[in-house]
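Visitor: I'm new here. Could you walk me through this one and tell me how you know what you say?

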Amino acid sequence: MVQEVLNHIRERRDLVLTSHARPDGDAVGSVLGAAQVLRAMGKNVDVILSDGVPVIYKPLPYSECVIQAASVNSKYDAAIILECDSLQRTGVHGLDAAAELLINIDHHASAKAFAHVNWIDSSACATAELIFLLAKEADVHITADIATCLYTAILTDTGSFCYQGTDEHTFELAKQLTAAGADPARIAQGVYFANPESKMRLLGEALANLKRRGSVMWMFVSQAQMKRCNAREEDCEGLVNYALGISGVEVAIFFRELPDGRYRVSLRSKGAADVAAVAEKFQGGGHMCAGGCSVEGPLSVAVERIIEHFPEQLRD
């Protein structure tokens with residue numbers, strides 16, 4: 001499949017790259033790494049993210065070149081959508097009209113073949129791994145900047161190498177990226193030790209709302225709490241992992257109230273449950289140990305609707 005994708009890219013010159021709205025580490029690292037690979041191949045590349053680059057990922061190479069926009073205003077030979085299960089989830093309107101060809105590259109088990117060309121490999125630890133394979137197949141030199149972006153994506157999407165499926169293959173990939181110039185300590189410090197104060201205050205609010213049923217634990221923040229902490233949407237990323245870090249907890253869930261009264265839901269698992277399968281029931285997705293979706297409120301109803309889909313032995 002990598003060769004088919006590469007052939008389509010080689011036949012085209014003007015490309016646009018994007019990923020899902022509210023981008024996480026794999027989304028940002030993959031689009032930034034892919035953009036550098038494509039430019040090394042002599043392509044003209046624009047990177048568009050509907051929500052821009054979150055603060056903790058702004059130090060990544062070429063993050064300043066990302067265009068924050070809700071629509072496409074130029075014509076392209078192809079649009080490459082990374083780590084996203086539909087055009088709608090990009091939050092960027094007009095991609096199908098602006099590009100002659102749509103290429104979908106994803107590693108999620110819940111990925112959907114919505115494009116003209118679909119490269120979906122759920123055995124990959126992150127979409128960044130597929131970008132690494134693309135670069136190798138294209139005989140593009142992996143620079144320190146490319147390695148930094150791809151390593152960041154892999155670090156974050158494997159839960160700091162904690163999620164189920166992390167194995168010697170994952171560490172071999174990390175080793176190759178480190179050898180190419182990625183600095184593991186500096187990258188980890190930039191991701192985990194450079195949070196804005198607003199995120200830490202929001203974490204305090206979320207931890208005060210911890211609830212537990214058996215080995216399933218959840219927490220939530222309201223719109224009022226978000227405002228009180230002067231928090232942004234991106235400050236919610238990763239908060240769910242603090243609940244998962246509690247002894248005896250197998251599934252952690254984070255509910256964030258939206259302005260319209262619905263709830264954005266982040267789900268994490270230590271491997272005892274497939275949270276992506278639960279997220280898919282609500283038109284969401286992800287992979288076994290990490291997923292997300294949205295549900296209707298009120299909170300008490302949203303919680304029960306999500307929790308009921310986990311096995312009884314986890315809830316009792």
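Guide: Helices (H or I, at least four residues) and strands (E, at least two) are DSSP runs, numbered from the N terminus. This is a predicted model, where local features need pLDDT of at least 70, side-chain atom pairs count only at pLDDT 80 or more, and totals for chains, interfaces and linings use all residues. Residues are numbered from 1 along each chain as its sequence is written, and side-chain values use heavy atoms, with hydrogens and water left out.

Visitor: Where is proline 298, then?

Guide: Proline 298 sits in the loop between β12 (290-295) and α12 (299-307). A cis peptide bond joins glycine 297 to proline 298, with omega about 0°.

Visitor: Why is glutamate 83 called buried?

Guide: Buried means under 20% relative accessible area, exposed over 50%, and partly exposed in between (1.4 Å probe, protein chains only). Glutamate 83 has 1% relative accessibility, so it counts as buried. Its loop runs between β4 and α3 (95-98), and its phi is positive, about 55°, although it is not a glycine.

Visitor: What makes glutamine 283 exposed?

Guide: Its relative accessible area is 68%, so glutamine 283 is exposed. Glutamine 283 also has a positive phi, about 65°, and lies in the loop between α11 (275-280) and β11 (285-287).

Visitor: How do you know that strand β5 is largely enclosed by the rest of the structure?

Guide: Seven of the eight residues in β5 (residues 99-106) are buried, so that's the conclusion.

Visitor: What makes β4 and β5 a pair?

Guide: Two strands pair if DSSP finds at least two bridges between them. β4 (residues 76-82) and β5 have six, in the parallel sense.
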